[in-house]
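Let's take a friendly walk through this model together. Please have the sequence and the structure open as you read.

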Amino acid sequence: MNPDDYFDDLLAHEACCPWLYCDSRGFVTTGIGNLVADEAACAALPFFRRDGSSANADEKSAAWQAVHAAFDQRKSAAYYLPVSSLRLPQSFIRDLVGTRLASDFLPGIKRLCPNFDTFPAPARRALVDMAYNLGVHGLGMFPHLLAACNDGNWDMAAAQCHRSTCRDTRNAWTSQMFIDAEVTPGPTS
């Protein structure tokens, strides 16, 4: 599997917002859960205006400030739609997910699970989803899950993958992926 193979899974569980919004913790975010840490990070992204022209650095900075100031923990990403009219191209969002998977998440998972590339595809999909949702550091906080994965004990992994911060449907999907891994052979060379 390559990074693009995980995109649809992430899209099913994470909102895809081409606008800036605040996540539930107040972090300015865009795309599929991509943190925009500050105005400089925002300025580096290829946001465009409603007329399709490229936004300039001042417009991006103002958009970041406005969204950050509008934070309301009770509000969803859609709440921030009228706060800024800047948007990202869908193709960039997809590329950004692929880049983050290839440079951050997959190497991080492989540090935690050295045999990750030999795991059945459903187990790899579940681990990628968990790492994307929690961060690699957060995934590392599941030692029993990681031990089960490294032992190829997929039923135990299914029992250890519950995240208190996720919707029940996402947790159920992740658990089912580990259960499916029990009957799915790993990749062949």
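## A buried asparagine

Leaving aside neighbours within four places in sequence, Asn-34 is in contact (heavy atoms within 4.5 Å) with Val-28, Thr-29, Leu-96 and Arg-100. Asn-34 belongs to strand β3, residues 34-35. With a relative accessible area of 9%, Asn-34 is buried; buried means under 20% relative accessible area, exposed over 50%, and partly exposed in between, with a 1.4 Å probe and protein chains only.

A word on the ground rules: this is a predicted model, in which local features need pLDDT of at least 70 and side-chain atom pairs count only at pLDDT 80 or more, while totals for chains, interfaces and linings use all residues. Residues are numbered from 1 along each chain as its sequence is written, and side-chain values use heavy atoms, with hydrogens and water left out.

## The overall fold

The protein has eight helices and three strands, in the order α-β-β-β-α-α-α-α-α-α-α along the sequence. The radius of gyration is 18 Å, close to the 16 Å that the globule rule gives for 189 residues, so the protein is as compact as a globular protein of that length. Helices (H or I, at least four residues) and strands (E, at least two) are DSSP runs, numbered from the N terminus. The radius is taken over C-alpha atoms, and the globule rule is 2.2 Å times the number of residues to the power 0.38.

Along its principal axes, the C-alpha trace spans about 50 × 35 × 25 Å. Of the 189 residues, 44% count as buried. Among contacts between residues at least 6 apart in sequence, 59% join residues at least 24 apart.

## Aromatic pairs

How many aromatic pairs does the count come to? The count comes to five, where rings of Phe, Tyr and Trp (its six-membered ring) pair if their centres lie within 6.5 Å; planes under 30 degrees apart count as stacked, over 60 as edge-to-face and the rest as tilted. Tyr-79 and Tyr-80 have ring centres 4.8 Å apart and planes at 85 degrees, so this pair is edge-to-face. Tyr-79 is partly exposed, with a relative accessible area of 34%, whereas Tyr-80 is buried at 0%.

Phe-105 and Tyr-132 form a tilted pair, 5.0 Å centre to centre with 40 degrees between the planes. This pair links distant parts of the chain, 27 residues apart: Phe-105 sits in helix α4 (residues 90-112) and Tyr-132 in helix α5 (residues 121-139). Both Phe-105 and Tyr-132 are buried. Elsewhere, Phe-116, Phe-119, Trp-154 and Phe-178 form one aromatic cluster.
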